[in-house]
Amino acid sequence: MKFISLFSGIGGFDLGLERAGMECIAQVEIDSFCLKVLNKHWPNVPKFGDIKNFGKQNIEEAVDLICGGFPCQPFSVAGKRKGKEDNRYLWPEMLRVIKEFNPTYVIGENVSGIVNMELEQVCLDLEGAGYEVQPFI
């Protein structure tokens with residue numbers, strides 16, 4: 001099975017999914033430190049910076065899964081909790097990529113602060129795209 005990693009960070013999802021026998025075919029990460037870590041551990045996986053510039057035009061092959069921990073700052077109790085008003089609110093971009101690739105599975109991760117702010121909308125968006133959703137808190 002092949003997967004795309006969005007908001008890859010230092011590759012936590014990637015490592016776990018590879019250990020489960022899956023193959024990462026693309027990583028999307030904008031942070032320069034994280035990219036250094038990803039390049040060290042996944043030198044042959046194509047890297048893409050800003051998710052706003054990533055899509056089917058970059059990777060044409062079919063994928064079985066898309067994973068990503070979309071930015072949590074808009075929902076975190078450690079921040080201002082601006083939600084959709086925060087410029088780091090990137091769920092719509094993750095949803096766009098999911099719709100473009102239409103993988104069999106999606107794994108999304110975020111902080112518990114999303115529960116009362118945006119979790120219902122995320123679930124509705126995925127259900128609207130044809131997915132059965134099961135949140136874990």
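With which side chain does the side chain of D125 make a polar contact of 2.7 Å? In this predicted model, the partner is the side chain of Q121. A polar contact of 2.7 Å also joins the side chain of D125 to that of W91. D125 itself is found in helix α4, which spans residues 119–128. Although D125 is buried, it has no salt bridge; K99, the nearest side chain of opposite charge, is 6.6 Å away. When neighbours within four places in sequence are left aside, D125 is in contact with W91 and L95.

W91 also takes part in aromatic pairing. The structure holds three aromatic pairs. In one of them, the ring centres of F54 and F101 are 5.9 Å apart and the planes lie at 15 degrees, so the pair is stacked. This pair links distant parts of the chain, as F54 is in the loop between β3 (47–48) and β4 (65–68) and F101 is in helix α3 (residues 91–101), 47 residues apart. F54 is buried, with a relative accessible area of 1%, and F101 is buried at 6%. F70 and W91 form a tilted pair, with 5.1 Å from centre to centre and 50 degrees between the planes. Here too distant parts of the chain are linked: F70 is in the loop between β4 and α3, whereas W91 is in helix α3, 21 residues apart. The relative accessible area is 4% for the buried F70 and 2% for the buried W91.

Technical notes. Residues are numbered from 1 along each chain as its sequence is written. This is a predicted model: local features need pLDDT of at least 70, side-chain atom pairs count only at pLDDT 80 or more; totals for chains, interfaces and linings use all residues. Side-chain values use heavy atoms; hydrogens and water are left out. Helices (H or I, at least four residues) and strands (E, at least two) are DSSP runs, numbered from the N terminus. Buried means under 20% relative accessible area, exposed over 50%, partly exposed in between (1.4 Å probe, protein chains only). Lys and Arg count as positive and Asp and Glu as negative; His and the chain ends are not counted. A salt bridge is a side-chain nitrogen of Lys or Arg within 4 Å of a carboxyl oxygen of Asp or Glu. A polar contact is a pair of N or O atoms within 3.5 Å; within protein, one must be able to donate a hydrogen and the other to accept it, and residues adjacent in sequence count only if both atoms are side-chain atoms. Contact means heavy atoms within 4.5 Å. Rings of Phe, Tyr and Trp (its six-membered ring) pair if their centres lie within 6.5 Å; planes under 30 degrees apart count as stacked, over 60 as edge-to-face and the rest as tilted.
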